[in-house]
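Colleague: I have a model open and would like to learn how to read it. Could you take me through it?

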Amino acid sequence: MKDEKSLFLNIVTLLILSFMAFYIYKVSIDTGSGIKITDNITPKMRVADKYLKKNVLDEKSTYAFGQTAEDTSANIVTSVVVDYRLFDTTLEVIVLFVTILGFGFVIPKDKRSIKKPSVILYRWAPILMVLMLIIGGYMFINGHLSPGGGFPAGAIISTSILIGVLSGRKTVKSKTLKVIEAIAGISIFIIGIVSFFIKGNFFQNFIVGDRIGDLFSGGLIPVFYGLIAFKVAAELSNIYFEFYEEC
Amino acid sequence: MINFAIFVAVIMFLGAVWTVLTKDVFRAIVIFGIVSLMSSVMFLLMQAPDVAITEAAIGSAITTALFIFTYKKMEDKRDER
Amino acid sequence: MTKVFILSSLSLVFVGLYGVLTRKNIVKILIALNIIETGINMLLVAFGYIEGGLTPILQSDLSIANLDKMVDPVPQALVLTSIVIGLGTTAFALALAIRYKNTHNSNLITATDEEG
């Protein structure tokens, strides 16, 4: 603890860090001939021509709200995550799986047992859990229309399991979680292979969408987001069961 | 709007400094939760509602819960000694 | 607006870096690493921000007429996955910290084997 208060070291660290911070700020604000990061540049200067021509920014494209487009998801971030970059997302879920696996190997196996909580928490926990499940389901079903998506939906569903753990209620067994996670992870790749045989590309959206703004206009997007949500929820819930005993 | 952004940014910066400088680990964990929540507000001001929801659910809630679990587990060991 | 965002995220990054460099408690180092991660995510999203930009969600005909004024959605999509990966690596690091505490019987990174 004594080194933590060494004045000289702290001052030297502060000086070096503030100099670096000033330099990076200067570079990122600079509008001269160097790096231009934060200018007011249009998307046409940032995005490749190939995507812009097949997308909505072309002058000839007749694109209006309530009609069909190339991929009919109103939320553009969802469109980027699921339609254009689903490889990133699936590999990222696999990275999450590997880290949780390492977590289970490394952590010591002395689990804490839950004391019985107060009556209020014990009685209100099922109501809160049902509310959390409803919000999570809404998130991944409506992911292509409103902000949300698979990852926060999985986190919210796992939060409901966390409430169950903390209130001493019996929710799910950890073996059930492993089965859910395996089924979700396999079916993502099965859908990818099916879309390869139907459309010719891995992970391509093979259900033709409808009007923008409808509930069932996203094609495969709610399916993929639901699978991702259940996989993330099962993986995160495994962490809580590593810390606390199941009742 | 820019005044609100500056207000949130100042709260976030002071919270980060307090988190780093305080000696109590439990207090540092809770204030880190506040910093994460304020960063979620900043994401909302940057017109990124998807990231804001994800940050509020994962970065603010679950990370804080994990840190508190770990803290409790470390404290148990100290009691045995 | 852009300057406020970039300044606040950079300040978070460097406060976290200061914490990593000078603290000795292992849990506090992990908290400082999380602060750095939050700051980097904010910096990535701030690079895609346009002054007076719109949310990248198609809500009505008005938002389709102003597609040029939307903020960049690609950094948001990348940050969305980056936050989840950050949670996984944080959990793994916390498990390593618990194992460290069990073997060395101390929270500090200067602990030696003789204490345990």
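Colleague: Is the crossing of α7(A) and α9(A) left-handed or right-handed?

Modeller: First, some ground rules: this is a predicted model, where local features need pLDDT of at least 70, side-chain atom pairs count only at pLDDT 80 or more, and totals for chains, interfaces and linings use all residues. Residues are numbered from 1 along each chain as its sequence is written, while chains are lettered from A and ligands numbered from 1 in the order in which they are written. A crossing is left-handed if the near helix is turned anticlockwise from the far one by less than a right angle, and right-handed if clockwise. α7(A) and α9(A) make a right-handed crossing.

Colleague: At what angle do the axes of α7(A) and α9(A) cross?

Modeller: Axes are lines fitted to C-alpha atoms, for helices over the stretch in contact, and angles run from 0 to 180 degrees between N-to-C directions. Here the angle is roughly 35 degrees, and the axes come within 7 Å. Helices themselves are DSSP runs (H or I, at least four residues), as are strands (E, at least two), numbered from the N terminus.

Colleague: Which residues of α7(A) and α9(A) meet?

Modeller: Two residues are in contact if their C-beta atoms, placed from the backbone, lie within 7 Å. On the α7(A) side they include G150(A), G154(A) and I161(A), and on the α9(A) side they include A229(A), V232(A) and Y240(A). By class, this contact has 14 nonpolar, four polar and no charged residues. Ala, Val, Leu, Ile, Met, Phe, Trp, Tyr, Cys and Pro count as nonpolar, Asp, Glu, Lys and Arg as charged, and the others, Gly among them, as polar.

Colleague: How many helices and strands does chain A have?

Modeller: Chain A has nine helices and zero strands. Its domains are domain 1 (3-38), domain 2 (41-70) and domain 3 (74-243), with bounds that come from an automatic or database domain assignment. The centres of domain 1 and domain 3 of chain A, taken over C-alpha atoms, are 39 Å apart. Of the contacts in chain A with a separation of 6 or more, 72% join residues 24 or more positions apart.

Colleague: How many residues of chain A are in contact with chain B?

Modeller: 13 residues of chain A touch eleven residues of chain B. α7 (150-166) and α9 (221-243) of chain A each give at least two residues to this side, and α7(A) provides the largest share, six residues.

Colleague: And how many residues does chain C bring to its contact with chain A?

Modeller: Chain C brings 41 residues and chain A brings 47. On the chain C side, α4(C) has the largest share, 17 residues. That side of chain C has 25 nonpolar, eight polar and eight charged residues.

Colleague: Why does L10(C) count as buried?

Modeller: A residue is buried if 20 or more other C-beta atoms lie within 10 Å of its own, exposed if 12 or fewer, and partly exposed in between. L10(C) is buried because it has 21 C-beta neighbours inside 10 Å. L10(C) sits in helix α1 of chain C. Beyond its neighbours within four places in sequence, L10(C) is in contact with A21(A), I24(A), Y25(A) and L43(C).

Colleague: Why do α1(B) and α1(C) count as roughly parallel?

Modeller: Angles under 35 degrees count as roughly parallel, over 145 as roughly antiparallel, 65 to 115 as roughly perpendicular and the rest as oblique. α1(B) and α1(C) pack at about 0 degrees, with axes 10 Å apart, and are therefore roughly parallel to each other. Their contact has 13 nonpolar, four polar and no charged residues.
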